[in-house]
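Me: I'd like to go through this structure with you and ask where the labels come from. Can you set each value against its definition?

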Amino acid sequence: MAEFSWTLLWFDYLWPLIILLLLVLAIVVPLLVAVAMFTWFERKVMAAMHLRMGPNVVGPFGLLQAFADGLKLFVKETIVPSGANKVVFIIAPMITFTLALVAWAVIPFDEGVVLSNINVGVLYLFAVSSLGVYGIVMSGWASNSRYAFLGAMRSAAQMVSYEVSIGFILVTVLLIVGSLNLSDIVEAQRNVWFVIPLFPMAVIFFISALAETNRHPFDLPEAEAELVAGYQVEYSSMTFALLFLGENANIILMSAMTAVLFLGGWLPPIDIAPFNWIPGWIWFFGKILILLYFFVWVRATFPRYRYDQLMRLGWKVFLPLSLFGVALTAGVLVAFDLVPQAG
Amino acid sequence: MIVQAFCFYLFAFITIASGVMVISARNPVHSVLFLILAFFNSAGLFVLLGAEFLAMILVIVYVGAVAVLFLFVVMMLDINFVELREGFLQYMPLGATIGIILLIELLAVLGAWSLSPAGDTISAAPIAADQENTRLLGGVLYTRYIYLFQAAGMILLVAMIGAIVLTHRVREGVRKQKIADQVHRRRDEAVALVKVKSGQGL
């Protein structure tokens, strides 16, 4: 056992820990602001599509509306229903929120700008997004309410179903890249973004992402007309705010995932003069913003699916299509001798 | 090293503690939630071993899919907790016997366990940092163990088909939506224009 020394403790353990914490804060704080601004963006875009004004009172163009709502939720009373399973009831929103944040550890914002550049980045993202279902199921069950429970059951079945096709689409991308590292996946798109050779897969991925995040037109878990608000009906104040923030952070995460997998992450569309003057992170955020617009656009356009139609789409349409996509991609790669070699 | 040791003991302790809670929790839903916690911490132990692929697969397959369905079923069961407790003493001897037999078998296996001489050299040489263990695993699974791997896949496929065949039933009088029929329906099959004279009706 080496002698205890304060300098060792400081330079080997505490200092790296402080750096790590600062880096985490540098991701989480802008992310939370982005989540708040996304709610504003969503309401404003929806309003424009409905020919309304949208939020326009708090701050210029209503920009501070989200923060006003947040403050309101913060000062409200947290109500735990008397029949609820208290511990699970409180833990569930925390799980949703935490899972929505931890996934950002592996997202590459620019060349080399990533908190943790792990070799299994794609699997990590897939694992974290598949865990998202627990927050919903636990909140629905712990509320001890029929509406919440029905919403949770629907959500569990829905998210598990669409994960299957998301998994197969990830496999097609991996087949082309030959690596599970997200930075490698972006680098592999330097010549052409995967959205062009894999266009059908990208479309299926985006629609599955809508279902995975319980967004319109697949928002059956919280269908207001039938289930009031589904699994979140019993939540109030900060517990509700955490569920809400977690859900919206998941939407931004799915957009980031689509941007990394199919839209070339931080890469410009063509690597020539006017495009590559713009820094990579601006390209990345621009792509996320466009995808977020798609999320809102879909919400304003399509009516809600019926539950059996949702299941049919997931299992009988997307699953065979994505399975076929895997076989086709693998076949093309082998036939034209394009299989990525071990690096 | 201290950090790794600390993480190992943390993960190991939570794994064992939640394992104990799985069998001792009163509420079955809590049991499943503790089971998930145990899976999760086992994944953490895999990461500490440097087996990040196995860790992720454990989370994706067991936590993300199997345990969700498990939780799904347990939550839907209508369980009377009082009734569940009543049979405890009755089943206790049987359960204890099985438990003891399993424990003895485990001890027998572990007691007779010896690493092959080749294994010793491998364990002293961990995977090089620049090697991805995903690639290494794939390399072994799809070359040396390809037949066993395929056989395992076939067994799972057969099990899946068996489950579908056993639970599939065709019920009379259920009207299902047939998308193809709806799409192929023409106007003259669906609508009939009738000129109705006033005061007569159809």
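Me: Okay, where does A:Leu51 lie?

Reply: A:Leu51 sits in the loop between α1 and α2 of chain A; helices here are DSSP runs of H or I, at least four residues, numbered from the N terminus. Before we go on, this is a predicted model, where local features need pLDDT of at least 70, side-chain atom pairs count only at pLDDT 80 or more, and totals for chains, interfaces and linings use all residues. Residues are numbered from 1 along each chain as its sequence is written, chains are lettered from A and ligands numbered from 1 in the order in which they are written, and side-chain values use heavy atoms, with hydrogens and water left out.

Me: What is the phi of A:Leu51?

Reply: Phi is positive, about 60°, although A:Leu51 is not a glycine. Most residues other than glycine have a negative phi, and most peptide bonds are trans.

Me: Which residues does a cis peptide bond join?

Reply: A:His216 and A:Pro217, with omega at about -5°. A:Pro217 is placed in the loop between α7 (199–212) and α8 (224–227) of chain A.

Me: Back to the helices: why are α1(A) and α2(A) called roughly perpendicular?

Reply: Their axes cross at roughly 115° and come within 8 Å. Axes are lines fitted to C-alpha atoms, for helices over the stretch in contact, and angles run from 0 to 180 degrees between N-to-C directions. Angles under 35 degrees count as roughly parallel, over 145 as roughly antiparallel, 65 to 115 as roughly perpendicular and the rest as oblique. So α1(A) and α2(A) are roughly perpendicular to each other.

Me: What classes of residue make up the contact of α1(A) with α2(A)?

Reply: That contact has five nonpolar, two polar and two charged residues. Ala, Val, Leu, Ile, Met, Phe, Trp, Tyr, Cys and Pro count as nonpolar, Asp, Glu, Lys and Arg as charged, and the others, Gly among them, as polar.

Me: What area is buried between chain A and chain B?

Reply: About 2,500 Å², with carbon and sulfur atoms giving 73%. Buried area is the accessible area (1.4 Å probe) that two parts lose on being put together, summed over both. The contact (heavy atoms within 4.5 Å) takes 30 residues from chain A and 27 residues from chain B.

Me: And why is α4(A) called roughly antiparallel to α2(B)?

Reply: The axes of α4(A) and α2(B) come within 13 Å and cross at roughly 160°. That value is over 145, so α4(A) is roughly antiparallel to α2(B). The contact has eight nonpolar, one polar and no charged residues.

How values were computed: Helix = DSSP H or I, 4+ residues; strand = E, 2+ residues; numbered from the N terminus.
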